[in-house]
Amino acid sequence: MTTKSLTFPRLFPRPQAKWGIWSWIGTVDHKRIGTLYGITAFIWFIVGGIEALMMRAQLASAEASLIDPETFNQLFTMHGTTMVFLVIMPLSAAFFNWLVPLQIGARDVAFPRLNALSFWIFLFGSLIINASWLTGNAPNGGWFGYAPNSGTTFNPGLGMTYWIVGLNILGVASIAAGLNFIVTILNMRAPGMGMFKIPIFTWMTLITSILIVLAMPILAVAGIQLQTDRVYGTHFFNSLGGGDPVMWQHIFWLFGHPEVYILILPAMGIVSEVLPTFARKPLFGYPFVVFAGAVIGFMGWFVWSHHMFTVGLGPAVNTAFAVSTMLIAVPTGVKIFNWLGTLWGGNIRLNTPMLFSISFIAMFTIGGLSGVIHASPPTDSQQQDTYFVVAHFHYVLVGGALLGIFSGIYFWWPKFTGWFLNEKLGIANWALMMIGFNLTFVPQHWLGMDGMPRRIYTYAENMGWENSNLASSIGSFLLGVGILVFIINVFYSMMKKKMAGADPWDGRTLEWSTSSPPPEHDFDEIPQVKYRDQFWFDKYPETISEYYGHNDDDQAVPSGAQIDDDGEAAELPVVSGGADDGHGDGHSAIHLPDKSYYPFILAFGLAIFGTAFVTDGLVLFAGAPFFIWGLLGWSMEPVND
Amino acid sequence: MWTFLGSDVMFFGAFIATYLVYRGKSLNGPYPSEILNIPITSVSTFVLLMSSLAMVLGLHYVKSGEKNKATLWILVVVVLGAVFMGFQFVEFREFAHLGLTPRTNIFGTTFFILTGIHGAHVTIGVLWMAFLAYGSHKGSLRADNAQDLEIAGLYWHFVDIVWIVIFTVIYLISATDGPPPGMESVIHG
Amino acid sequence: MTNLWRKLTYHNGNGWWNLPHGPSNELNPPHEGPIGGVWLSNMFRTMTHGGVAHAGPGFYWLIGAALGIITLLEVWLFGVEGLGGWYVPLLLGLSALKFVGVVAFFMHLRFDHRMFTYVFVSAMALGILIFVIILFLAEFGHQPPNVF
C-alpha cells in the first residue's frame, strides 16, 4: 500500500530554532508552555493587583473622590475577572504543565500541540478582555454578570460584550487544557504507577481538570444566552418575554461554584507536596486526601444555590443547599487534619515554601470557617453582599489559592530554572504578604458585620467605617509591597544564581529525579515505579520497611498500604487522538514532537473571530483565513517531519 | 474524545434544561402546538439517524481497506448531514414566515438557540466529514489511521444522540403545548 | 433461544455477520463495558463466530433498522390518543433506548475499554442529576414574577 498523505503547502518552514521568539511561538514543549502561562498570568496578576489597590485607595477615606463610580464598577468587575480567570487559573495551569508530565514520568503531555493551542487561546482571550480598558468600555457588571443588569437595557455599552467574548474564548482554552491533562494523567503514567501511586498534586490536577471540562461549557452556555439576549433580542433573561433573570443566577453559579474548587484544589495539591517534603514524612493518609479531593469535586456541584439564599427560593431549597454546603466542609476539614497529621512529629525545616504552606493551612481554615458561617441562610441573609463575604472569599482565594501558589513557586523554582530564589528575601516576602493580607481582610469581616455593602464606590462619614477601611487599605498596600519584594527577589536571585542540584530539597516525587532544569526530553530513561514516593525509596531503600513493613522488593505491597490495580496503568489503550502522542517508548530512541506554528495561527484566527463581536461582523472574514489555515495545516501536519 | 463528549454533554444539557425550565412559559404566540410540524421533523430525524448508520459502515470499510466503498459511505454521511441541515433551514424559514423568531417569545428564544447550536454542530460535522471523504478518496485515510475517522464518527454519533433527545423533548413531548394555564382567557378576553 | 440465534445468524462466509468483540477473542473479554450486562454478553458470544475485533456491516444494518423502527414507533405514539400520563415516560424510555443503542454500538462504547464508559456515563449522570435539580428548583423553588 502506498503511504500517501495529504499535505498542506507550508508558508513558513517548520520552526526549528532552539532560541529566540520563533522557538517560543512554535513550541510544543510542556515546560516552555508552562513558563509562558506563568509569565503571562503573573503580568495579569500585577494588573489585577493595581486594580485592587486603586479601589482600596478610593475606599481609604469616607466620601473620597479619587475614582468616579463608573470607573469603580469597571475596576471591581475587572479585578474579579482578572484574578479568577487570568491569574489563579493560569498560574495553576503553569504548574499543571510543568509538573504533571514530570511527576508521572512522561516526556510530554498527551497532545502537545493542543497544549500550545490552549496557551495561545488563553493569551489572546486575556488580551481581548483587557483591551476593553483601551476603548474605555471595560466590563462593569460584576464578575458574575447578573442579568438583567448585564443586559442592554441597563448596560448598553460594549463592556459586557468584551466580558462574554473574552470568557468564552478563555473557556475554550481551559477545556482544551483540561482534556489534555485528563488524558495525560490517565494514559501516560510511568510503568507501574497505578492511580494510587501518582503524586497528590497530579491527583488534584486530575480532579480540577474534570471540573474544568464539565463546568466551563456551562459558562459558555450562559455567555451565549446572554450574548443573544444582548445582540439579537432574545428573551432568556428578559421577564417581559417570559424569561427569568434567576435562571442566569442558576446557570452562572452552576458553573461558578465548581469554579471555586477549580481555583483551590491545585493549591491544595501543591501544599500536599510541600508539607511532606519539609516534614520528611510521607503525606499522612494519602488515600483520604485523594478521596476528600474527589468528594469535594463531586459535592461542589450541589451547593451552587448558597450563592442565592436571598433570591427567595423558599425555605426547603435553602435548607437543602445549606446542608450540602455544610457537608462540603467535612472533606475540606479532612484535608486540613491530614496536613496537620503530616506535620505532626515531622522533622520540620522552616524555609520559605514551608512557611507559605503552613500559612496556607491557617488562612484557609479561617476562610473555610467564615464560609461555614454563611452556609446558614438566616446568617447569610445578614451577610449577603457585605464585606463579610468579601473577606471570606479573599481568605480562601488569597490566603488559600495564592499562598499555595507562592509556596509552589518557591518550592519548584530550582527545578524550573536550576537556581534558588533568595531565602532572606523570600522570608521578607512571606512576612510582608502575611501582615498585609491579614491587615487588609480582618477589618473587612468587621465592616461586613457592621453592614458595609460590597461594590460601593464610597460611603458616608458618619457610618463608623473609616478606621477599618483605612486599616484595610494600608494592609492592601503592604500586600502589594510583599509582591514587589517577590519580583525583586526574582531579579536579585537571577543575578546571584545560587545553583541548585537535581534534588535540592530532598524531594519525594519523580520530578526531582531528573536534572534542574530538566532536559527537553524530561527523563533520559522512563522511570519504573513500584511505590508511591518512588524517588524517596530509590534514595533511601532502607526506609521501605519503615513504611511498608517489609524490605523484599518482590513482595506485593502489604496490608496497611493502599493497593491498587497496578497493571492497569500500562495496559490502557491510547485514547482517541493519539496521533499527537509524543511520549517515547522508554527504551529505544527518544523522539519528541516537532515544533509547530499552527496552534498559534489557529488561536490567532479564533481571536479575530472574537474581536468581531466588539467591532464589526465583517471582521469574521478577516479571521477566517487564519482559522482555516491553522486548522487545515494542523490536521495535515505530521507530528514529526 | 470521550472526555470532550462529556464536556459537550454539559453544554447541551444546559441548553436543554433552559428550554425545559422555560417550557410553557411563553406569554404570546405562536405556541409550539401551532407551529411544530412533526411529520417533516420525523423525516429529518430519520435522515440523521441513517447518517449515523452510514458513518459506521464507512468506518467499517475504511478498516477493511475497501477504499471506494468507504469513500461512498462517508459521502453518504455528508449528503445526509447536508439534507438534515436543509430541512432545518426550511423549518427555520417556515417558522419565521409564521411569525416565530427568537425575539417573538421565550419558546422562540430557547427553540432557535438550542436547535441552532445543534445545527452548528452538524455543520462542523459535515465539513469534517467532507474533508475526510476527500482524504479517503485521495487514499490518505487508510486502515492504519482509521482512528481519524473513528474520532470524527464519535463526534457525529454524539450530534445524533443529542438530536434524539431534542426530537423527543422539544418536538414530540412539547408539540401539544399551548398557552400556559391561565393565559387562554388573556388571549381571548 | 441460544440455538435459534445460532441458526439465524450462523454464516460461514465473508464476515457479513461478524459481531463486535472485545479486544481479543478470549471467552470473557476483561474490558467489556458494563452496558447490557451478562445476558447481552452471553448473547454476543453466541452470535460471534470469528476472531474479528469489529462488527460486520450486517450487524450495523440490524442496529440501524432497530433504531429506525423505534423512531417510527415514537412518531406513531404521537398520533395515538388517550395515552394520558403514559405518553411522556413512554417517549423518554424509547429515546433513552435509542440513545443507548447509538452510544453502545455505533460508538462502540460497549466494546471499548471500561474507562471510556465510566467517563461518559459519569458525565451524563452528573449532567442529568444537576439539570433535574434545576428543573425542580424552577418548578417549586421559585415562582416567576407575575407580570400581569
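Visitor: What is the mean pLDDT of chain B, and what share of its residues reach 70 or more?

Guide: This is a predicted model. Where pLDDT is low, the predicted coordinates should not be read in detail. Chain B has a mean pLDDT of 80, and 80% of its residues reach 70 or more.

Visitor: Where in chain B is confidence lowest, and where is it highest?

Guide: Helix H7 (residues 184-188) of chain B has the lowest confidence, with a mean of 45, while helix H4 (residues 67-97) of chain B has the highest, at 89. Over residues 185-189 of chain B, pLDDT stays under 50, and the model has one contact beyond four places in sequence for that stretch.

Visitor: How many helices and strands are in chain B?

Guide: Chain B has seven helices and zero strands. Read from the N terminus, its elements are α-α-α-α-α-α-α. Of its 189 residues, 56% count as buried. Take the contacts in chain B between residues at least 6 apart in sequence: 83% of them join residues at least 24 apart.

Visitor: What is the mean pLDDT of chain C?

Guide: For chain C the mean is 65, and 50% of the residues reach 70 or more.

Visitor: Which values does the predictor give for the complex?

Guide: The complex has an ipTM of 0.84 and a pTM of 0.86.

Visitor: How do helix H3 and helix H12 of chain A pack?

Guide: Two packed helices are described by the angle between their axes and the distance between the axes. Helix H3 (residues 69-103) of chain A and helix H12 (residues 387-417) of chain A pack at an angle of about 30 degrees, and their axes are 11 Å apart. Angles under 35 degrees count as roughly parallel, so H3(A) and H12(A) are roughly parallel to each other. Their crossing is left-handed.

Visitor: Which residues meet where H3(A) and H12(A) are in contact?

Guide: From H3(A) come A:Ile88, A:Leu91, A:Phe95, A:Trp98 and A:Leu99. They meet residues of H12(A) including A:Leu397, A:Ile405, A:Gly408, A:Trp412 and A:Phe416. By class, this contact has 11 nonpolar residues, one polar and no charged.

Technical notes
Residues numbered from 1 in each chain as written. Chains lettered and ligands numbered in written order. Predicted model: local features only at pLDDT ≥ 70, side-chain atom pairs only at ≥ 80, totals over all residues. Helix = DSSP H or I, 4+ residues; strand = E, 2+ residues; numbered from the N terminus. Buried ≥ 20, exposed ≤ 12 C-beta atoms within 10 Å, placed from the backbone. Contact = placed C-beta atoms within 7 Å. Axes fitted to C-alpha atoms, helices over the stretch in contact; angles between N-to-C directions. Parallel < 35°, antiparallel > 145°, perpendicular 65-115°, else oblique. Left-handed = near helix turned anticlockwise from the far one by under 90°. Nonpolar A, V, L, I, M, F, W, Y, C, P; charged D, E, K, R; others polar. pLDDT = per-residue confidence, 0-100.
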